[in-house]
Amino acid sequence: MADKKKRKASTKKDAIEKIEVVFFKSDTCAFCPRAEEVVRETIEDFGSDAFTLKVINVSENPESAEEFGIFALPTVMIGGMSVTGIPEPDMLMKMVLGVKVLSKKKEGSK
Amino acid sequence: MSDHEIDRVKTGIPGLDELIEGGFPRGDTILIAGKAGTGKSILATQFIYKGATEYDEPGVFVTLEEPPHLIKRNMMRFGMDLEKLVNEKRISIVDLSPSKEVTPVTIGEYPSFDLSGLEAIILNHIKKLNAKRVVLDTLSIMAYKFKSRDILREEFFKLAATITRTGCTLLLTSEIPADDHGLGVFDIEAFLASGVIVLYNEKISDTSRSRSIEVLKLRGSKHSSRIHSMRITDEGIRVWPGEISPGT
């Protein structure tokens with residue numbers, strides 16, 4: 001019983017710590033392949049275990065782009081912030097750190 | 001119809017068709033320019049509403065500025081029930097306004113992007129409704145959303161071409177900044193469109209203003225070269241073709 005409780009708690013912690021990176025691309029966007037490379041490489045450098053990468057192809061799934069109001073591509077969205085165009089790894093790292101700081105603040109205030 | 005006659009789309013604005021040989025040429029891009037408060041959004045929304053209700057032409061209204069609930073509320077005072085048309089799938093209102101809560105905050109922009117997302121969103125709605133009319137309200141807001149104006153200029157041409165290739169007639173609205181003599185913030189608005197209509201709300205005395213409308217260009221059409229009176233009535237915008245604006 002205690003084990004079960006412990007497992008449950010650690011799963012919840014993992015879910016909190018994993019940062020979701022959403023990458024919006026399209027079939028016709030010329031800059032998207034390079035941007036996707038940059039995103040994947042940055043995630044690898046940071047330690048891919050800490051992230052979940054969600055790739056949304058707007059050509060196949062325009063509803064998602066509409067839901068989030070994303071109309072310029074490529075766009076990377078991390079925790080309520082976004083960058084448009086081929087991002088610099090530094091910028092992505094700043095966003096990731098921003099999300100980490102925010103989540104720590106939230107945990108601290110609980 | 002003879003081979004030389006252009007298929008025309010009724011504007012749904014009483015009096016306007018008479019100034020432009022019966023309507024906008026089908027499949028063209030038309031720019032509606034004017035300063036703040038001149039009635040651009042009302043005219044564009046009326047084009048979509050009347051298209052669906054009187055001419056059996058479904059329409060897509062893409063709002064980049066005003067949230068849909070305010071557009072619906074404001075049009076109700078002219079007796080135009082947009083909500084009903086949305087429910088009946090005769091029009092769709094695409095909400096890309098900044099008021100959406102889930103829209104992320106843009107913290108960085110690199111000059112390596114296109115508007116293929118916007119294109120996919122609009123094409124999806126055109127396909128779903130088999131739309132014949134599209135409105136993009138307003139182009140000007142893009143100047144505040146993105147820094148890379150050169151990219152935007154090029155992308156607007158692509159976007160307009162892609163939309164009109166589906167057979168839709170496209171209306172773009174553009175806000176002319178105060179004290180500006182051009183047609184919008186991008187300086188290319190006039191080139192984007194084969195037709196340009198300018199709305200005015202000029203001060204004619206210390207206590208009154210006068211609304212008017214001018215067809216600045218409309219390729220393939222003999223159009224009036226005068227500035228005509230226009231009013232926002234209880235039933236929406238109305239143009240008086242025989243009445244020349246007192247403000248000019």
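This short talk goes through salt bridges in the structure above.

Please keep in mind that this is a predicted model, in which local features need pLDDT of at least 70 and side-chain atom pairs count only at pLDDT 80 or more, while totals for chains, interfaces and linings use all residues. Residues are numbered from 1 along each chain as its sequence is written, chains are lettered from A in the order in which they are written, and side-chain values use heavy atoms, with hydrogens and water left out.

I begin in chain A, where A:Arg40 and A:Glu36 form a salt bridge with an N to O distance of 3.0 Å. Both belong to helix H2 (residues 32-46), 4 residues or about one turn apart, helices being DSSP runs of H or I with at least four residues and strands runs of E with at least two, numbered from the N terminus.

In chain B, B:Lys40 and B:Glu175 meet in a salt bridge at 3.9 Å, N to O. Since B:Lys40 lies in helix H1 (residues 40-54) and B:Glu175 in strand S8 (residues 169-175), the pair ties together parts that are 135 residues apart in sequence. B:Lys40 is buried at 7% relative accessible area, whereas B:Glu175 is partly exposed at 28%; buried means under 20%, exposed over 50%, and partly exposed in between, with a 1.4 Å probe and protein chains only.

Finally, a network of salt bridges links B:Asp7, B:Arg26, B:Glu57 and B:Arg133.

Key: Salt bridge = Lys/Arg side-chain N within 4 Å of Asp/Glu carboxyl O.
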